[in-house]
Amino acid sequence: MRLENKVAVITGAASGFGEGIARRFAEEGARVVVADLNAKGAERVASDIGEAAIWTQTDVSLRSEFDEMVYAAKSAFGRIDIMVNNAGYTHRNGDMLNVDEETFDLITAVNMKAIYHAALAVVPIMERQGGGVILTTASTAGLRPRPGLTWYNASKGWAITATKSMAVELAPKNIRVNCLCPVAGETGMLEKFMGADTPEIREKFRASIPLGRLSTPLDIANAALWLASDEAAFITGVAIEVDGGRCI
């Protein structure tokens, strides 16, 4: 029970990587807040987990909703030990000049500004408690960008740099900050990442991964579990590639 007596808030937890993280953390003893814009999905995941979970409908682009999510977490469980910034958004794979401003603004709000909101909301809580963990789902796109997802790539590069800078600044407060860099996986955004979902395009993506497959929510959840646990007590400021060798 590597997360026994820990409380974790996980955004984008109604499906995909976030759902995998919520379920895995609960298996290891954590009490979890399943936060997502998709209320039905969040309620489903929390209900499956049981008494160790609550759910909130949260738009991470808005500070007011972030504060409500944190209030719900504190009211239910009394503390916050782990903050997982997992919610993400992307534009469809294609010409960078064809991405409209509304989509660009949403990408930056969800992939970038939400990390700022999270820091303002949870760092004071963690400091009063004597420490904590902040974990962000970034992407291999932020480390080894490819054409077609330029603005998404840039947002994930920002997340990686923010992770490293936050880690240095928050280390004296005993708050560890790390991020995960998954390769494309079986999530709701996969079709947008690929541009279109066909067997040929899937095979093209798989062929670029030395271990020969896309990532799964369990792959990401297991890496998140280790980073959030005391086993990684001396690890901060890292961007771990969970990518089957894609970034080599």
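Predicted model: local features only at pLDDT ≥ 70, side-chain atom pairs only at ≥ 80, totals over all residues.

Visitor: Which residues touch the most other members of the largest nonpolar core?
Guide: First the idea: a nonpolar core is a set of buried Ala, Val, Leu, Ile, Met, Phe, Trp, Tyr and Cys residues joined through side-chain atoms within 4.5 Å. Buried means under 20% relative accessible area, exposed over 50%, and partly exposed in between (1.4 Å probe, protein chains only). Here the largest core has 35 residues, and F66, I80, M83, V122 and I134 touch the most other members.

Visitor: Which helices and strands each supply at least two residues of this core?
Guide: Helices (H or I, at least four residues) and strands (E, at least two) are DSSP runs, numbered from the N terminus. Those supplying at least two residues each are β1 (7-11), β2 (31-36), α3 (63-77), α4 (101-129), α5 (150-170) and β6 (175-182). The most comes from α4, with 9 residues.

Visitor: What does F66 touch?
Guide: Contact means heavy atoms within 4.5 Å. Not counting residues up to four places away in sequence, F66 touches T58, V60, M83, N85, A114, H117, A118 and A121.

Visitor: How do I read the packing of α4 and α5?
Guide: You look at the helix axes, which are lines fitted to C-alpha atoms over the stretch in contact, with angles from 0 to 180 degrees between N-to-C directions. For α4 and α5 the angle is about 15°, and the axes are 9 Å apart. That makes α4 roughly parallel to α5. The labels go like this: under 35 degrees is roughly parallel, over 145 roughly antiparallel, 65 to 115 roughly perpendicular, and the rest oblique.

Visitor: Is the crossing of α4 and α5 left-handed or right-handed?
Guide: A crossing is left-handed if the near helix is turned anticlockwise from the far one by less than a right angle, and right-handed if clockwise. The crossing of α4 and α5 is right-handed.

Visitor: Which residues of α4 and α5 meet there?
Guide: On the α4 side you'll find F104, I107, N111, M112, I115, A119 and V123, and they meet W151, Y152, S155, K156, W158, A159, M166 and L170 of α5. By class, this contact of α4 with α5 has 12 nonpolar, 2 polar and 1 charged residues. For those classes, Ala, Val, Leu, Ile, Met, Phe, Trp, Tyr, Cys and Pro count as nonpolar, Asp, Glu, Lys and Arg as charged, and the others, Gly among them, as polar.

Visitor: At what angle do α1 and α2 pack?
Guide: Helix α1 (residues 16-27) and helix α2 (residues 39-49) pack at about 20°, with axes 10 Å apart. So α1 is roughly parallel to α2. In this contact, E19, A22, R23 and A26 of α1 face R44, V45, D48 and I49 of α2. The contact of α1 with α2 has 4 nonpolar, no polar and 4 charged residues.

Visitor: And at what angle do α1 and α8 pack?
Guide: With helix α8 (residues 217-228), α1 makes an angle of about 50°, and the axes are 8 Å apart. That makes α1 oblique to α8. By class, the contact of α1 with α8 has 10 nonpolar, 3 polar and 1 charged residues.

Visitor: Is L180 buried or exposed?
Guide: L180, in strand β6, is buried, with 0% relative accessibility. Beyond its neighbours within four places in sequence, its contacts include L135, T136, I220, L227 and V242.

Key:
Residues numbered from 1 in each chain as written. Heavy atoms only, no water.
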